[in-house]
Amino acid sequence: MNKRKIAILGSTGSIGTQTLDVIRQHPDLFEVSLISAHSSVEKLAAQAVEFDVNNVVICDESRYEELNGLLQDSDSKVWAGQDSLCSLVKGDEIDIVVGAMVGFSGLRPTLAALEAGKVVALANKETLVAAGDIVTRTASIHGGALIPVDSEHSAIFQCLLGAGDNPIEKIHLTASGGPFREWSKAQISAATAAQALKHPNWNMGAKVTIDSASMMNKGFEVMEARWLFGVEPSKIHVVVHPESLIHSMVEFEDGAIIAQMARPDMREPIGFALGYPKRLTCGNGKVDFAKLGCVHFEEPDTDRFPNLALAYEALERGGNAPCALNAANEVAVAAFLQNRIGFYDISRINARCLQQVDFVAHPSLDDIFETDSQIAKLAYGCID
């Protein structure tokens, strides 16, 4: 088959670099047409040279001259800013857009790609958290497609391939429990950023790792599942599974459950999204059942991890409430990583902002951006 031409939004982050590793292993199947980063100029330039990338975008416009200088002897065209990125992802030379940007910043280019009818391999869960209805309607109207890259949603997607027309009774969304799964509330209260960044199973970026420690990541995944698979929140059940081998399960009316299982390595769901429907070998290893012995499951504790309950609350309220929760959380997590607030201050700020949002039941895209801006200001005011 012809090589699939890939755009990677956020190529220098954890998902972006692992996507490039998958492509590196399959040069006969893929070529990289576009890469972008917020400000990691040197890493972005090195990727552009290695993969002979046509278009390279630095979203921080102040770093344009630096990047342009590093790539002046290459064939890459250098661009700056989100407007450039949104324009380029619509180009005919792109088949699949990998949405690996962190946070709310991924919304505009994801919508631009879907408006152009592109396939979007989505790892940026905040896009669906903040504007799930708008994003899914955009895909439907313009013939775009969303293929999930999050391991849990990839698992659900894979399980549903064997479901036929049978409706979903329940989604069992698995969670590792993070580094604080066995800690008391008092211990968690005193946790440092360094401790929260030590995830037991997964290699992820700092923002996602902190969200995993607070279980906000799982709350966002509940919201993501609601939009990707068209199920009500009451049918999405979070279960803690510390081994992180069963990535999620789908239950049907007769009680049968289909589960997807693999080692905790993001290259598996990335490779599945890029190669779909073909499965690619990505060097992520195989499950050894003889050594595994057993797996464990337990209910999440929303007293020790209140962010998960806040996510369900926001999803039940609907409208712009999920967007508000995401905006507050982005500010709070950044402050925690800077050692400006304590761990439980994250959920405290999130709860306050969720309570004080100017609620809009059916938000437009302008409403979403306004909510993000207003709640970010409110969250900053909760820090100092």
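In what order do the four strands of the open sheet lie? The legends below take up this sheet and a helix pair in a predicted model.

**View 1. An open, mixed sheet of four strands.** The strand order is β9-β8-β10-β11. Strands β9 (236-240) and β11 (257-261) form the edges. Each has a single partner strand, so one side of each lacks a neighbour in the sheet. On average, neighbouring strands are turned by 20° against each other, direction ignored.

**View 2. The antiparallel pairing of β8 with β10.** Strand β8 covers residues 168-175, and strand β10 covers residues 246-252. Five bridges join the two. Ile168 stands opposite Phe252 of β10.

**View 3. Helix α11 packed on the sheet.** Residues 216-229 make up this helix. Helix α11 touches β8 and β9. The direction of α11 makes about 150° with that of β8.

**View 4. The crossing of helices α15 and α17.** Helix α15 spans residues 321-337, and helix α17 spans residues 365-383. Their axes come within 8 Å and cross at roughly 40°. Angles under 35 degrees would count as roughly parallel; α15 is therefore oblique to α17. The crossing is right-handed.

**View 5. Residues in the contact of α15 with α17.** From α15 come Cys323, Ala324, Ala327, Ala328, Val331 and Ala335. They meet Ile368, Thr371, Asp372, Ile375, Ala376, Ala379, Tyr380 and Ile383 of α17. Twelve residues of this contact are nonpolar, one is polar and one is charged.

Definitions and conventions. Residues are numbered from 1 along each chain as its sequence is written. This is a predicted model: local features need pLDDT of at least 70, side-chain atom pairs count only at pLDDT 80 or more; totals for chains, interfaces and linings use all residues. Side-chain values use heavy atoms; hydrogens and water are left out. Two strands pair if DSSP finds at least two bridges between them. Axes are lines fitted to C-alpha atoms, for helices over the stretch in contact, and angles run from 0 to 180 degrees between N-to-C directions. Contact means heavy atoms within 4.5 Å. Angles under 35 degrees count as roughly parallel, over 145 as roughly antiparallel, 65 to 115 as roughly perpendicular and the rest as oblique. A crossing is left-handed if the near helix is turned anticlockwise from the far one by less than a right angle, and right-handed if clockwise. Ala, Val, Leu, Ile, Met, Phe, Trp, Tyr, Cys and Pro count as nonpolar, Asp, Glu, Lys and Arg as charged, and the others, Gly among them, as polar.
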